[in-house]
Protein chains: 2
Amino acid sequence: MHVLGCGSALPTLRHYASSQVVEVRGKLMMIDCGEGTQMQLRRSHIRFTKLSSVFISHLHGDHCFGLIGMLSTFGMLGRTAPLHIYAEPRLEAMLTEQVEMFCRDLGYDVVFHAINPALSAVIYDDHSVSVTTIPLSHRVPTCGFLISEKPTLPHIRRQVTDFFGIPVSQFDNIKNGADWITDDGRVIENSRLVEAAEPPRSYAYCSDTCYLPDLHLLLKGVNTLYHESTFGDDNLQLAEKYHHSTARQAATVARDAHVNQLILGHYSSRYEDEQVLLKEAEAVFANTKLANEMDVFDI
Amino acid sequence: MHVLGCGSALPTLRHYASSQVVEVRGKLMMIDCGEGTQMQLRRSHIRFTKLSSVFISHLHGDHCFGLIGMLSTFGMLGRTAPLHIYAEPRLEAMLTEQVEMFCRDLGYDVVFHAINPALSAVIYDDHSVSVTTIPLSHRVPTCGFLISEKPTLPHIRRQVTDFFGIPVSQFDNIKNGADWITDDGRVIENSRLVEAAEPPRSYAYCSDTCYLPDLHLLLKGVNTLYHESTFGDDNLQLAEKYHHSTARQAATVARDAHVNQLILGHYSSRYEDEQVLLKEAEAVFANTKLANEMDVFDI
């Protein structure tokens, strides 16, 4: 996961508005696209052309004002592959109008997929990855995104299959669970022929949201959780007022969901040094990290 | 004049999209507002609150995609003074819709002034400054802006007025040209009582445009000219194709208009080092400078 921006609504000289790119099974998926995202994308050396989709959590400017500039630039760079945008339906009309006014003769299709942030639903699904919405609670309709790899078939133990002279043409069957029967009728059990694949990974992005005590129920088995931590304990009341979370609350969600790793972000501009947020979160959930622009996290 | 961005349509790591702030007689006027302008404004330490107006040259994204983010941020910062936007009428509907969707309860008025880029007309006028459109020729309707100070009254020569015992109550009359008659009937001519004020300055912004051989006729008496120089001689054909100018053409306009100073900008991303553009311009007009982000030019 590449962090392009992890600031909150007020831009600072330290943080850009929200945007991330998740690299999963050769695909690049962007989550949120605040102003300046295209510059950050360039800075990150991520290949623009490999970006297939953009997921927008909610219609606040710091999560989507960078879209039109990025679409326009992709056009100038000669993109031809469609770009899929998943967002609340209200964004489509506005974006379409902007594209018509500013991006005449766009050489690729912008395919809009309307999502309902109030539901937990699979909004993207292919043979290797799925994306599911996570209903959140903010001042406007908002959802997070759960990006899940699908299990892959086990790996063939080549030493064993070679030993029994099993032809490559049988590997698909074996990967799918078949035993092998030798010429003299001996059954070689499947478990000897294969080795389990790496377990599928999953990543959840939850921003922006107030603290949701039951959110962890939707995050079972998640490896890495990015949860907004706009404020620290010192501003708990502001967090409640503006439907944001504190770092401690983010850590509580991570702890209750038993994730492996928590990444904090969406910092209020009032924190010159986010170490105070990290410390408050670590008191509840040890494996917490601070997001920073250009960071790359393994899930 | 503060340069916030002087790149062209494709963003690079070296240049931001077009935006400038002109400081004149205590007012701050912005010209163009590409993506990232609000971040550059913050970087420049210009006081957001003093910005009174934004002039948009044309409806290409690299000249206006930063508007909505800046408007939104001004709202969050508690702005109450109206912000005046001068642009083609088509921008108003779109911007109004964006403000309604993204900036509920904006605490200040965005006052839209429709301009006609095809005419040379005074679009702003107060007691000390006027702004006039300069018709340009680009792929979409485009105009430049001429910002002109008005002449100020001459300064009183205090030594002379004290010598003749002239009361302060008469200074306004004297500044406006009155002579002084002493008690014994002697006439002290006005020219002895006052000293001419600094001559009014003017600044012209011309971007984007193809080379216009007659443009200099609208630039008479201009002190400083900012003229786009997207390309060098090596890409004269591209300049013609995309209705842009070369550095040499910009310098030709500056020479023919007899300005004091030429500033180049709106560089194509293909130039890693703009010195080549500077050299080609200097061959035609010596007092040429390259704009760079965060540069401040005296007019």
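Two strands pair if DSSP finds at least two bridges between them, and helices (H or I, at least four residues) and strands (E, at least two) are DSSP runs numbered from the N terminus. By that rule, strand E16 and strand E17 (residues 288-290) of chain B pair in the parallel sense over three bridges. This is a predicted model, in which local features need pLDDT of at least 70 and side-chain atom pairs count only at pLDDT 80 or more, while totals for chains, interfaces and linings use all residues. Residues are numbered from 1 along each chain as its sequence is written, and chains are lettered from A and ligands numbered from 1 in the order in which they are written.

**Strands of chain B**
- Strand E16 (residues 261-265) of chain B is mostly covered, with four of its five residues buried (20 or more other C-beta atoms, placed from the backbone, within 10 Å of the residue's own).
- E16(B) also runs parallel to strand E15 (residues 224-228) of chain B, to which five bridges join it.
- Leu264(B) of E16(B) is the bridge partner of His227(B), and Leu290(B) in E17(B) is a bridge partner of Leu264(B).

**Contact between the chains**
- Chain A and chain B each give 24 residues to the contact, where two residues count if their C-beta atoms, placed from the backbone, lie within 7 Å.
- On the side of chain A that touches chain B, helix H1 (37-44), helix H3 (67-76) and helix H4 (90-102) of chain A each give two or more residues, and H4(A) gives the most, with six residues.

**Domains of chain A**
- An automatic or database assignment divides chain A into domain 1 (2-152 + 198-290) and domain 2 (155-195), whose centres, taken over C-alpha atoms, are 43 Å apart.

Note on methods
A residue is buried if 20 or more other C-beta atoms lie within 10 Å of its own, exposed if 12 or fewer, and partly exposed in between; C-beta atoms are placed from the backbone.
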